[in-house]
Amino acid sequence: MINTYLTAEDEWVTVTSATPRSVLNVVNLLGLLAEEFATREAQLARRGELDDRLRDWIKQRKTEECLALMHDNEVVSSRIYTVKDILADRSYRERGDVISIEDPDLATVRMQGVVPNLTEHGGSV
């Protein structure tokens, strides 16, 4: 079960549940009966239902609430960053993933840095 979902704030999150235990974490989050999803076969047979229920559950909540509740229930999830999020993120800046360069016509331009940033072959823009 791997998919992306819109929150009540129209922000995207992704959820990854690739093991029987992680699927049960989703089942518990949704308040469903774990014994109905005890086997891999039962999980596969009802994956569409789980996906629909999770989509509805997420759509009814704000992004931070979804992420906090999923974290508390050990559901592997993450916010999907927009370009604005990436440009504001400290980790991206510190890794040099987003850099500023001077352009003779456009002045200062923010753009992607060299990715991947290899230790012995750093590269440059």
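Where does methionine 1 lie relative to strand S1 (2–6)? Methionine 1 sits in the segment before that strand. What you're looking at is a predicted model, where local features need pLDDT of at least 70, side-chain atom pairs count only at pLDDT 80 or more, and totals for chains, interfaces and linings use all residues. Residues are numbered from 1 along each chain as its sequence is written, and side-chain values use heavy atoms, with hydrogens and water left out. Helices (H or I, at least four residues) and strands (E, at least two) are DSSP runs, numbered from the N terminus.

**The start of the chain**

- Methionine 1 counts as partly exposed because its relative accessibility is 23%; buried means under 20% relative accessible area, exposed over 50%, and partly exposed in between (1.4 Å probe, protein chains only).
- Leaving out residues up to four places away in sequence, methionine 1 touches Val15, Thr16, Ser17, Val26, Leu50, Asp51 and Leu54, where a contact means heavy atoms within 4.5 Å.
- Methionine 1 and leucine 44 are 43 residues apart along the chain, and their C-alpha atoms are separated by 8.8 Å.

**The three-stranded sheet**

- There's an open sheet of 3 strands here, in the order S1-S2-S3, with antiparallel pairing; two strands pair if DSSP finds at least two bridges between them.
- S1 and strand S3 (76–79) stand at the edges with a single partner strand each, so one side of each has no neighbour in the sheet.
- On average, neighbouring strands of this sheet are turned by 20° against each other, direction ignored. Axes are lines fitted to C-alpha atoms, for helices over the stretch in contact, and angles run from 0 to 180 degrees between N-to-C directions.
- S2 and S3 pair in the antiparallel sense over 4 bridges, and threonine 16 has valine 76 as its bridge partner in S3.
- H3 packs on the sheet and touches S1 and S2, its direction making about 30° with that of S1.
- H4 lies across S2 and S3, and runs at about 155° to S3.

**The hairpin**

- Strand S4 (residues 98–103) and strand S5 (residues 107–112) run antiparallel and are joined by 6 bridges.
- The two form a hairpin, with 3 residues between them.
- Look for valine 98 and you'll find that its bridge partner in S5 is glutamine 112.

- H1 covers residues 20–29, and its buried residues are Ser22, Val23, Asn25, Val26, Val27 and Leu29.
- The cover over those buried residues includes helix H2 (40–45), helix H3 (47–59) and helix H4 (63–72).
- Just after H1 comes glycine 31, which takes a positive phi of about 75°.
- The largest nonpolar core has 18 residues, and Val15, Leu30, Leu50, Leu54, Trp57, Ile58 and Met70 touch the most other members. Such a core is a set of buried Ala, Val, Leu, Ile, Met, Phe, Trp, Tyr and Cys residues joined through side-chain atoms within 4.5 Å.
- Strand S2 (12–16), H1, H3 and H4 are the elements that give two or more residues to this core.
- Leucine 30 touches Leu50, Arg53, Leu54 and Trp57, again not counting residues up to four places away in sequence.

**Salt bridges**

- A search of the whole structure turns up 12 salt bridges, each being a side-chain nitrogen of Lys or Arg within 4 Å of a carboxyl oxygen of Asp or Glu.
- Aspartate 10 pairs up with lysine 59, their closest N and O atoms being 2.9 Å apart. Aspartate 10 is in the loop between S1 and S2 and lysine 59 is in helix H3, so this pair ties together parts that are 49 residues apart in sequence.
- Aspartate 10 counts as exposed at 52% relative accessibility, while lysine 59 is partly exposed with a relative accessible area of 39%.
- Glutamate 49 forms a salt bridge with arginine 46, with 2.8 Å between the closest N and O atoms.
- Glu36, Arg46, Glu49 and Arg53 are linked in a salt-bridge network.
- Arginine 61 forms a salt bridge with glutamate 65, where the closest N and O atoms are 3.9 Å apart. Arginine 61 counts as buried at 19% relative accessibility, whereas glutamate 65 is partly exposed with a relative accessible area of 38%.
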